[in-house]
Amino acid sequence: MVDTTAGIAPRARFLTRERIIKWAPLLVLGVLVLLFPFFEWLEDVRAGDAHTYLLDSRFFSIRNAARIGISATPALMVAIGVTFIIIMGSIDLSMEGTVSVCAVIFAFVFIAWGGTVLSWAWLAIPIAMLVGAAMGFINGLVHVKLKIPSFMASLAMGFVGTGLALLLTGGDRVRVEDPIFRSLLTERWFNFPVMVYVALVFLLIAWFIQSRTTLGRNFYAVGGGEELAHASGLNVERVRLMGFTLAGVFFAVGALLAVGRIGIAETATGNNFMFVSITAVVVGGTALWGGIGGVWNTLVGVLIVNVINNGMVVIGLPAFLQDAVLGILVIIAVVLSTDRRSVSFVK
Amino acid sequence: MSFIKKFIEQETTNRRDLLLASAYGLGGVAAAGLMGSGMARAAIADPTIAWSYRNRTNPYWNEIVSGGEAFVESLGKSKDFLTHLINEGSSEKSLADVKALLSKTNGDLALAIDTNDAPNARPVVEACVEAGAYVSTLWNKTDDLHPWDFGDNYVSHMSWSDEGPAEQTARVLLEAMGGKGGVVHLGGIASNNPAIERLNGLKNALKDYSDVELLDAQPADWDTQKANQIMSSFLTRYGDEITGVHCANDTIAYGVLEALRAEGIAGMPVVSYDGNPQAVELVAKGEILATVFTNPHWGGGITAALAYHAAVGHFKPSEEPEAHREFYGPTIFVTPDDALDFKAKYLDSVPTYDWTDFWGPSNGQIQYT
Amino acid sequence: MYELRQVDKTFPGVHALKAVDFKVNRGEIVGLVGENGAGKSTLMKVIYGAYQPDGGTVTIDGTTVRFQNPRQAMDHGIGMVFQEQSLITNLTVMENIFLGYEAQFVSLGVINWKAMAEAAKQQLAKVKLDIDPATITSELSFAQRQLVELAKVLTLEERVDGDLVILLDEPTSVLAKEEVELLFNLVRELTKRASFIFVSHRMDEVLELSDRIYVMKDGEVVDVVAHDNADMDAIQHKMVGRDVDKEYYREQKQKPYGNEILLSFKSVSQGRRYQDISFDLHKGEVLCLVGTEGSGREAILRTVFGLDAPTAGTVEIKGQTIARFNARTGVDLGVGYVPRERKVEGIVAGMNVYENMTLSQMQNYAAGGVLRVGEEKSLARDWIKRLAIKTPNENKDCGGLSGGNQQKVVLAKWRSGGSDIILLDHPTRGLDIGAKEDVYEMVREMCDAGAGIILVADTLEEAIGLSHTILVIKDGEFQKRFDGTPGDKASPYDLVHHMI
Amino acid sequence: MKLDIIKPYLPWITLLVLVLVVGIANPAFFDPQGMIALVADIVPLFIMALGMTFAIYIGGIDLSVQQMANLVTVIATVYLAQFGIGVAFVCVLAGFLFGAASGFVTTRLYVPSFVSTLAMGFVALSGAKYLSGERALSMDATLRNESFGWMFGNTVGIPHELIIAAVLLVIAWFLQTRTTFGRSLKAVGSGELAAVASGLNVDRIKILAFAISGTFAAVAGLMFSVKLSGGDANLANGFLLLAIVAVLVGGTPLTGGVGGVINTVIGTLIVVVIRSAMVYLEIDATQQQMVFGVVLIAAIALTIDRSKLRGVVK
């Protein structure tokens, strides 16, 4: 998917097996994007209406792309955060708690300090990101210093995060009404709301970190062989701590965009991010055992999941079927993007 | 008859007898003999008062809790006296927490509860009855479960008939749409009773508006973010065909409004339910055309009050008519015209209720169809 | 220049290093030999900073140092070239070379990949390896990886001002003969800049390369021999505490094999791995497959065991044509597989001795799926005695046994289950001399008991010494067959001639 | 060295400490009847965790158990009238088949169990929604009591739920420690490649492990359905994370091959003690979740045997 080695000339043969598998998630995305309009076409043709495939599609339109963009951006930020962790071969399940805490603290500070971006309240944005970093750092400390597997450590930290958000709000929701902040959603450039561009900027930052910084490359080293990396003089504990901290920052960005999208910060802001983001990461072709994949994979994965969710409603699939279809499509996507020759077994 | 079958039958009979016995206040002796602890008694001097509810992330439950706390304070106690059991949407936790509390308090308990899911009401009630505690339920219970089958200990059940009010909001919506066009409905968790009733309300209203089409109805699980995504998908599927949105509650409406705002769509008629303060403000601004206030503050207070007063023996539930055991809660219809008045009266300063006027604001006995 | 004095290291229950004195002079190649468990690897870990000694001093040019981690050791010019597969395969060659030291190519937080590639090229030139530094490591051959490993350590040259000490841990185990020569020449050239500590089980190589040889036994240095005085037998005597006699491979115990055919390959091919291979394995025969790494020898073993189905030809086991290829079928027909990756494929670490022994034949110790643990244990006790497996009892975790004893457990697993077609894939890899002898002894015993053995040997000498029949394979194709009787066997030269 | 001796007992010690802490703070906790009731209530969760243990024991995970239980509550409620007690068989079969399907997707299609079971869970959820018509259903009380009333009786003060749990525990324990299948599971969990090289049919073993997980989840769902006398597609929500926590806190790490069903007993008890401690210690409602998380971290830090995690902690 992504050129993890940045700047290397492609090899001679174009359609190798590895290459096809590498691009499979994008292929799946492409097929899905063409598949849903097909169902629309089918529906109209059956009803005897005129319908030119794709051209008359409501799904395959800029306006719907913007809608998918809006629904995908917060999840994308969270998924990018967890991508780094998964590349290291660990896992982070604390995102729901971290997102809620960041959203709530952001809203509190924002409103307390003026309630508009044009006052000192803008500082709430960096503060929220710092809070995310701190949550991630603590998560990393629990994992690295107490030597608790990340699955458990982050799961428990997720409880702590959600609990903290609840403690802070007492269960209330905080509305963030500032029109300038809300222009994340309401202002559009070239048909897409500002939040999509913000997400794009952070995606590029993540790509930069992944491909151009020592830390990013060290994630791959740790995921490829932690003991070897340690023996090469790499401070693996530090890399892990930094990784979880970085993930926390991206969770915070996700929280900001989630608040920007609905204008409400509450304990429930973080709900549903866990399974969606991890599913998206895996569907995008990043391997759960670490070392393979990257943020572009995650972009494709998040888009796949959101396109499916959007498309199912658009083609009018009965609600009770939607879960099953999502599940089956996820399995298909993962099957297609797994190189069975390179894995000896999967658990 | 096989041995096993005989054994099973014996056990069920024993169990029924036990329940029956304790239900009629005789169980104290029988149960004490069996379980080794003092069970149902006529009155409890100073029961623990507890509220068991879904979570604190929803303003609706916060209102319920505030009512419970107001009631406790009316007894001259600190509001910390109220014990909170939060089930996080898990029936299993709901039941387990109740049992833990029953065990901790040795049955000296006045419990107000929403059991999270209808089937969970029966085991909760049975556990309370068995331990001699007094329980009042809110919202969820199955139709075959009735307070009067359990003597005094199952004090009351309050619910709301949402079909009528939801139909009323739907009519406001349909009128605003000019009696034509297309409407979409975003519902709660599909199997929840209120979700079903509120959709039915819409359907009932639609019978009188043949020019309006119900384009789609999807469950948004009472969740703002999910509602937001579904609404934007609706906009893709139906585009301009949508001329009105019927939401199963306020939190869903927030998500819908934001989805509309993202598209720059203004003036789309939207109605909701529950009458949360923020929703009422939106009604006042005209962004929501109607919502239904179910007075959760009163509901939360009175449910706890019923359980408490029955527990301390201020009244004997079994001597009350059935209409006092199962009744509908109050509903107040809120529209832009009266939103500000309503807000001033009910939300800005919460009225002080008489927590011994159990049935004054209620809305008649629950009817089963 | 680099010196350890009276270094001590204790682990719970083990006194791994006992007052070890060890010294490396400038430009010197120091050999380090000893049986498994003699303390070599502990000593190496102390030297490159992975372990901290409990007692004694480490000095460099007279200054006392103490390393908390490998990185501090590297900063003092001490680097380690690990055994095979110690590069991170999903990274590029250049990333591996500069792992942990990327800072030199970073400006304003950005890695300059061009500069890194340039620098990596220089490092690769030192080891005469001409590959694109941006190649993903997994695409390299084992020999190439070994050289990259060395190039990586040689970055110390630029980084450290003082002298370098480079540890080579079994660097030749995956190399072909000519690659070994190349490596040795390189090492000799590099002594201008660095000293080397060379650790290997291959005594001849140690003798060839080293200026001095430290011999370790039971955590102590028992002898230091200068190159000129080195004598293989004497060193081995010191290591083992006894002579390795001329009957090393037990040739005198080799008996002619019978007529009964156990296994028959008829023009079998498997994809691109090997083509048109035919042979018969008889009762009591040791058949050795000889070839370079990747020549197809292991693939043939995998087919016999049932892991990979052939694409053409027929395989018959005891007269029965195999239709379904899976491990179960193989095992049921009496095939036993002793894999090369002993710790990963041979034994299950975390399971105890008796559980490992019956793993392939649980049905023999179970009724209706319920295990008869008592019988398992008595079987295990029996075989622990027969093979003199060093373990306190049959309940000990196999992961905690030494390599040789693990190998015995693997062999006991198949022999006790009555397997009579035994596939040995590098059965003596990483074993010390004593344990090797035990394995050879077992090979002969198995032949006497009527089993047939297919062997992929660690060295050519081993192949020749043990086998009745040798098949030379090159690039998946059969080259030449050698039949040998004791005293009249092919020479390594004959074999190499056909291998390459 | 001394630490090594107590290591295997750390989960027990953690449990004991927790019980003592809660009990000393509020002696009412020590009431034996109350304790029995407390434990009896957690039985469906325990059974689910018991099944999950098998999936984790081979180094995988099963995220479909909650949805499986949801589906079974619906199946049990819908078909009780038709099949009577035979509906139990239908439920168990459904659990087994669904679990096996998850296992198939995991082993044969190389989808990591984290994703495959999550996805299969969605399929089960759809099934539950379809079958229930997206309604909360309730069982006919008479039918329920005739067929399953025995599940919730008492014999000499011992709730039948506990007896059922004990029987299932013994079965699971027997499977794990005394059968060739259990031995194979251990081999797959600790060293899959060696298991292959010993001629074990690893794929089948793994598929069976997931099938067992599904089966136990179905039993848990059935019990829960009978207990609540009804079913719907969300009834068992809230089970999943607790079941995972119960297994892991008990000392069965995600790496596989270590721990087992007895650990799950301890883990479940630890979870129930922490949870009821919220009630007994009167932890403020808004603080409960946070306290739960913190205590959980402490409990895990105490119970996991890091020497058995083999290699790096990921």
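Modeller: Helices (H or I, at least four residues) and strands (E, at least two) are DSSP runs, numbered from the N terminus. This is a predicted model, in which local features need pLDDT of at least 70, side-chain atom pairs count only at pLDDT 80 or more, and totals for chains, interfaces and linings use all residues. Residues are numbered from 1 along each chain as its sequence is written, while chains are lettered from A and ligands numbered from 1 in the order in which they are written.

Biologist: Which residues of α2(A) meet α11(A)?

Modeller: Ala75(A), Val78(A), Ala79(A), Val82(A), Thr83(A) and Ile86(A). On the α11(A) side they meet Phe273(A), Val276(A), Ser277(A), Ile278(A), Ala280(A) and Val281(A). That contact divides into 10 nonpolar residues, 2 polar and no charged. Nonpolar is Ala, Val, Leu, Ile, Met, Phe, Trp, Tyr, Cys and Pro; charged is Asp, Glu, Lys and Arg; the others, Gly among them, count as polar.

Biologist: At roughly what angle do α2(A) and α11(A) cross?

Modeller: Roughly 65°, with the axes of α2 (62–87) and α11 (273–283) of chain A coming within 9 Å. Axes are lines fitted to C-alpha atoms, for helices over the stretch in contact, and angles run from 0 to 180 degrees between N-to-C directions. The crossing is right-handed, meaning the near helix is turned clockwise from the far one by less than a right angle.

Biologist: Switching to chain B. What's the strand order in the open sheet?

Modeller: β2-β1-β3-β4-β5-β11, 6 strands with parallel pairing. To pair, two strands need at least two DSSP bridges. β2 (82–86) and β11 (326–328) of chain B are the edges, each pairing on one side only. From one strand to the next the twist averages 20°.

Biologist: Which helix packs on the sheet there, touching β1, β2 and β3 of chain B?

Modeller: α4(B), residues 91–105, whose direction makes about 175° with that of β1(B).

Biologist: And how many bridges join β1(B) to β3(B)?

Modeller: 5, with the two strands running parallel. Ala50(B) stands opposite Leu111(B) in β3(B), and Ser52(B) opposite Ile113(B). Ala50(B) also has a bridge partner in β2(B), namely Thr83(B); β1(B) and β2(B) pair over 5 bridges too. β1(B), helix α3 (59–74) and β2(B) make a right-handed β-α-β unit: with the strands pointing away from you, the path from the first strand over the helix to the second runs clockwise.

Biologist: Is β1(B) buried or exposed?

Modeller: Buried, 6 of its 6 residues. Buried means 20 or more other C-beta atoms within 10 Å of a residue's own, exposed 12 or fewer, partly exposed in between, with C-beta atoms placed from the backbone. Thr48(B), Ala50(B) and Ser52(B) are on one face, and Ile49(B), Trp51(B) and Tyr53(B) on the other.

Biologist: Why is β3(C) called largely enclosed?

Modeller: Because 6 of the 6 residues of that strand (29–34) are buried. It pairs in parallel with β11(C) over 5 bridges, where Gly31(C) has Ile213(C) as its partner. Another 4 bridges join β3(C) to β10(C), with Leu32(C) opposite Val199(C).

Biologist: Last one: how many residues of chain D are in contact with chain A?

Modeller: 45, against 46 residues of chain A. On the chain D side, α7(D) gives the most, with 13 residues. That side divides into 29 nonpolar, 11 polar and 5 charged.

Technical notes: Two residues are in contact if their C-beta atoms, placed from the backbone, lie within 7 Å.
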